[in-house]
Amino acid sequence: MTPERCAGPSHRAGRPCGLPAVAHGLCEAHYQQSRRRGELRPLREGPPLVSVPGLALRLPQDVAAWLEASAERQGVTVSEVARAALAAAARKASP
Ligand SMILES: [Zn+2]
């Protein structure tokens, strides 16, 4: 049996997201979108993401609260906000 695929929108016109579905016929990211704002948007596209050995973040309470509030406001996951913030810091730090 074929695993269920996400029916959420993609950047490819007329084609669904297609990632493995985890709940309600949606992938994890689209399911989070539907829970947070009910409106589904195409997922961000970019370079492939990798795990960083040794990185398991524990954050000060105020930083965690900022991440959660930003994610809620933008209708994205907390991970996406953290990823964008770290990417911006990395770009700023490199010559
Ligand atoms: Zn999806």
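This is a predicted model: local features need pLDDT of at least 70, side-chain atom pairs count only at pLDDT 80 or more; totals for chains, interfaces and linings use all residues.

Residues are numbered from 1 along each chain as its sequence is written.

The protein has three helices and zero strands, where helices (H or I, at least four residues) and strands (E, at least two) are DSSP runs numbered from the N terminus. Along its principal axes, the C-alpha trace spans about 45 × 30 × 25 Å.

Of the 95 residues, 11% are buried, that is, they have 20 or more other C-beta atoms within 10 Å of their own, with C-beta atoms placed from the backbone.

The domain assignment, which is automatic or from a database, gives domain 1 (1-44) and domain 2 (56-95). Their centres, taken over C-alpha atoms, are separated by 22 Å. Seven residues of domain 1 are in contact with four residues of domain 2; contact requires C-beta atoms, placed from the backbone, within 7 Å. On the domain 1 side there are four charged residues (Asp, Glu, Lys and Arg count as such), two polar and one nonpolar. Nonpolar covers Ala, Val, Leu, Ile, Met, Phe, Trp, Tyr, Cys and Pro, and polar the others, Gly among them.

Finally, I turn to Gln-33, which is found in helix 1 (residues 28-36). Why is Gln-33 classed as buried? Gln-33 is buried because 21 other C-beta atoms lie within 10 Å. Leaving aside residues up to four places away in sequence, Gln-33 touches Leu-40, Arg-41 and Gly-75.

Technical notes: Two residues are in contact if their C-beta atoms, placed from the backbone, lie within 7 Å. A residue is buried if 20 or more other C-beta atoms lie within 10 Å of its own, exposed if 12 or fewer, and partly exposed in between; C-beta atoms are placed from the backbone.
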